[in-house]
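Colleague: I would like to go through this model feature by feature. Please give the general idea each time, and then the case at hand.

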Amino acid sequence: MRSASLAHRTTLLVLREAHQPVKQIQVSKPFVIAVPIIALLSISGLIVSLQMQSENTISRLEDTIKTQNIKFEAIVTDKNEAIERLQSQVITLSGQSKELMNRMERVSELEAELQSFIDKYGSSGDPGKLSSLSWDETLGKGGEYIAVYDQEIEDLAQETSDDFLEISAMLDEIERIVPTTLQKAKQTQYSISGTPSEWPTLSTRLTSNFGYRTDPFTGKAAFHAGIDISGQVGDPIYAAAAGKVISAESNRSRGKYIIIQHPNGLQSWYMHLSEMNVSEGDTVKKGQTIAKLGNTGRSTGPHLHFEIMKGNKKVNPLPYLQ
Ligand SMILES: [Zn+2]
């Protein structure tokens with residue numbers, strides 16, 4: 001039994017310094033097997049624990065990267081959306097600029113039309129500057145155009161910016177021209193007005209009024225059907241309103257005389273003229289010089305005899321004149 005028990009034991013010899021004796025240690029066999037197994041188990045445990053730790057770290061890193069990625073993607077998405085918004089704004093602006101250009105063109109055409117009306121019916125003046133503005137047809141590229149590339153959007157933005165500059169310049173020009181045109185339009189309106197209001201000569205010195213007076217030739221009471229304005233022979237005589245010359249002739253009593261028919265049924269009469277610048281059938285504007293003051297006919301000195309007829313009745317001209 002003892003020898004069997006000894007067979008299960010192992011003797012370990014421990015060698016130490018030379019002067020010291022060898023030490024014997026007896027251990028059981030299971031112990032010899034158990035020690036390396038325990039050591040192995042400890043090492044593998046350590047390895048497993050290290051592995052788990054590193055897996056944890058990797059997983060945390062992965063989470064962090066994932067979060068960063070999401071943030072980055074969100075930023076990129078935001079930027080893309082901003083770019084898309086900007087692109088659509090540029091396209092919209094471009095459309096608006098084209099529309100504005102078209103409207104400006106129509107305004108310019110209207111201004112030119114107004115100018116040609118004034119030139120035809122009104123006093124002379126400079127032709128409209130707006131009508132001479134040029135329009136670059138190559139700028140009309142907007143419309144249905146859908147931009148795809150950044151370069152195209154940039155070009156479109158530049159073009160739109162140029163369009164707005166051009167529109168601004170046109171507005172400046174319109175602002176400069178329109179008051180002149182308006183002034184001319186007012187002059188035109190005045191010159192084509194058929195209501196007598198223009199004082200017919202330079203002098204404003206009345207020598208005889210409308211109504212009963214003592215006749216300068218007979219010394220008897222007589223009705224004076226107009227007004228007498230004294231002046232110098234050769235002074236201009238102006239048409240009191242626009243109209244048509246229905247008489248430009250002379251007789252013993254009136255001397256050289258002109259009758260103008262106005263559109264509203266009124267007539268103006270001009271007598272004792274020295275010279276007549278219009279003929280029967282002529283159309284005259286208000287304020288136009290039609291004759292020269294004189295002393296022809298039944299007259300005691302250079303003057304204009306001026307009458308206004310309303311229907312078949314002679315009326316006091318003074319209330320009509322300025
Ligand atoms: Zn008279």
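Modeller: Start with burial: a residue is buried under 20% relative accessible area, exposed over 50% and partly exposed in between, with a 1.4 Å probe and protein chains only. H272 is buried, with a relative accessible area of 5%. This is a predicted model, in which local features need pLDDT of at least 70 and side-chain atom pairs count only at pLDDT 80 or more, while totals for chains, interfaces and linings use all residues. Residues are numbered from 1 along each chain as its sequence is written, and side-chain values use heavy atoms, with hydrogens and water left out.

Colleague: Where is α3 kinked?

Modeller: The bend at a residue is the angle between axes fitted to the seven residues ending there and the seven starting there. In α3 a kink of about 30° lies at I177, shortly before the proline P179.

Colleague: Which residues coordinate the zinc ion?

Modeller: Donors are N, O and S atoms within 2.8 Å of the metal (3.2 Å for Na, K and Ca); water is not among the atoms, so sites may look incomplete. Here the zinc ion is coordinated by H224 through NE2, D228 through OD and H305 through ND1, at 1.9 to 2.2 Å. Their spacing in sequence is H-x3-D-x76-H. The histidine pair links distant parts of the chain, with H224 in strand β5 and H305 in strand β14, 81 residues apart. Both H224 and H305 are buried.

Colleague: How does strand β5 pair?

Modeller: Strands of a sheet pair through backbone hydrogen bonds, either parallel or antiparallel. Two strands count as paired if DSSP finds at least two bridges between them. β4 (211-214) and β5 (221-224) are antiparallel over four bridges, and G211 stands opposite H224. Six residues lie between the two strands of this hairpin, where G219 takes a positive phi near 75°.

Colleague: What surrounds F210?

Modeller: F210 lies in the loop between β3 (206-208) and β4, and is partly exposed, with a relative accessible area of 23%. Contact means heavy atoms within 4.5 Å. Not counting residues up to four places away in sequence, F210 touches F223, H224, A225, G226, I227, K314, V315, N316 and P317. The C-alpha atoms of F210 and K314 are separated by 9.6 Å, although the two residues are 104 residues apart along the chain.

Colleague: What is the strand order in the open sheet?

Modeller: The order is β7-β13-β11, with antiparallel pairing. The edge strands, each pairing on one side only, are β7 (236-238) and β11 (275-276). Three bridges join β7 to β13, and I237 has A291 as its bridge partner. Two bridges join β11 to β13: M276 stands opposite A291, and E275 opposite K292.

Colleague: Which strands does β8 pair with?

Modeller: β8 (243-251) is antiparallel to β12 (283-284) over two bridges, with G243 opposite V284. Seven bridges join β8 to β9, again antiparallel, and V245 stands opposite I260. β8 and β9 form a hairpin with three residues between them.

Colleague: Which residues of the largest nonpolar core touch the most other members?

Modeller: A nonpolar core is a set of buried Ala, Val, Leu, Ile, Met, Phe, Trp, Tyr and Cys residues joined through side-chain atoms within 4.5 Å. Of the 22 residues in the largest one, I237, I258, I260, Y270, I290, L304 and F306 touch the most other members. Strands β6 (227-230), β9 (255-261), β10 (266-273), β13 (289-292) and β14 (303-310) each supply at least two residues of this core. Beyond four places in sequence, the contacts of F306 include I227, A240, W269, Y270 and L321.
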